[in-house]
Amino acid sequence: MNVQQEGGRQAGRTMAPVVFVLDDDDGVRASVLNLLQAEGIEARGFSTGLDFVAQARLDAPSCLVCDIHMPEIGGLDVAAELARLGNELPIIFMTGFGSIPLSVRAMKAGAVEFLTKPVAPEALLQAVRDALALDAAGLAARRELAELRRRHASLTPREHETLRLVIGGLLNKQIADELGVSEIMAKTHKRKVMEKMAARSLPDLVRDAERLQVSKTRSR
């Protein structure tokens, strides 16, 4: 598949924010790309929804400036496909045929902004800045969760069991009884869990476990 990309470097080589511009109108697409690039924002253009959806999600703050009315698949269809793929990319919709029902559909599809053409340059730039900031925050949270999952996966089966007992509120002696080990060994398992999970305190460990949806084991 030939992908029309205008401006920007290859995905994955930079952590600089990237704006994807999807519009089948060559003039509009070029105008938006020029506006963004003049502001020092990396921007990449696509003429069809199929071409854009085929691209991998960048590990960098990004957003999509997207026309709603396009051949093959329109902007709302693109949003639906991104949602199906679990891609939480913020979307700024543009249309030359704005209406209240359409704007409502766009917002329900996950749009962060809905702009009517011709779009005022400053309005578009502000929408892009807001969308990039939103995605940067979401990206940081996703990375943090991925690191948390990596730490959790590094636990041994006995340490997994210990974690569930600790977040269940059990004392060291109770944990030892549940594991069938000495209290000293229970403390050792607990310390290793804290170290591997990089938890500075028990409340931190409990919060991390809640984020990971780890089930608690309470005393019988």
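Me: What should I know before I start reading numbers off it?
Reply: It's a predicted model, where local features need pLDDT of at least 70, side-chain atom pairs count only at pLDDT 80 or more, and totals for chains, interfaces and linings use all residues. Residues are numbered from 1 along each chain as its sequence is written, and side-chain values use heavy atoms, with hydrogens and water left out.

Me: What average pLDDT does the protein chain have?
Reply: pLDDT is the predictor's confidence in each residue, from 0 to 100. Here the protein chain averages 87, and 90% of the residues score at least 70. Residues 1-14 have pLDDT below 50, and in the model that stretch has 38 contacts (heavy atoms within 4.5 Å) beyond near neighbours in sequence. Where pLDDT is low, the predicted coordinates should not be read in detail.

Me: How many helices and strands are in the protein chain?
Reply: Helices (H or I, at least four residues) and strands (E, at least two) are DSSP runs, numbered from the N terminus. The protein chain has 9 helices and 5 strands, in the order β-α-β-α-β-α-β-α-β-α-α-α-α-α along the sequence.

Me: What radius of gyration does the protein chain have?
Reply: That value is taken over C-alpha atoms, and the globule rule is 2.2 Å times the number of residues to the power 0.38. A compact globule of 220 residues would come out near 17 Å, but the protein chain has 24 Å. The C-alpha trace spans about 75 × 40 × 35 Å along its principal axes.

Me: Which residues does UniProt list for "domain: HTH luxR-type"?
Reply: UniProt positions are in the numbering used here, feature names are shortened, and annotations may be inferred rather than shown by experiment. The unreviewed UniProt entry gives residues 148-213. In the model that span is 74% helix and 0% strand, with its end C-alpha atoms 11 Å apart.

Me: How do I read helix packing?
Reply: Two packed helices are described by the angle between their axes and the distance between the axes. Axes are lines fitted to C-alpha atoms, for helices over the stretch in contact, and angles run from 0 to 180 degrees between N-to-C directions. Under 35 degrees counts as roughly parallel, over 145 as roughly antiparallel, 65 to 115 as roughly perpendicular and the rest as oblique.

Me: At what angle do H7 and H8 pack?
Reply: H7 (residues 172-179) and H8 (residues 183-196) pack at about 100°, with axes 8 Å apart, so H7 is roughly perpendicular to H8. Ile175 and Leu179 of H7 are among the residues in contact, as are Ala186 and His189 of H8.

Me: Which residues make the contact of H6 with H8?
Reply: Helix H6 (residues 157-167) packs against H8 at about 90°, axes 9 Å apart. Arg158, Glu159, Thr162, Leu163 and Val166 of H6 meet His189, Lys190, Lys192, Val193 and Lys196 of H8. By class that's 3 nonpolar (Ala, Val, Leu, Ile, Met, Phe, Trp, Tyr, Cys and Pro), 5 charged (Asp, Glu, Lys and Arg) and 2 polar (the others, Gly among them).

Me: Which peptide bond is cis?
Reply: The one from Lys117 to Pro118, with omega near -5°. Pro118 is in the loop between strand E5 (111-116) and helix H5 (121-153).
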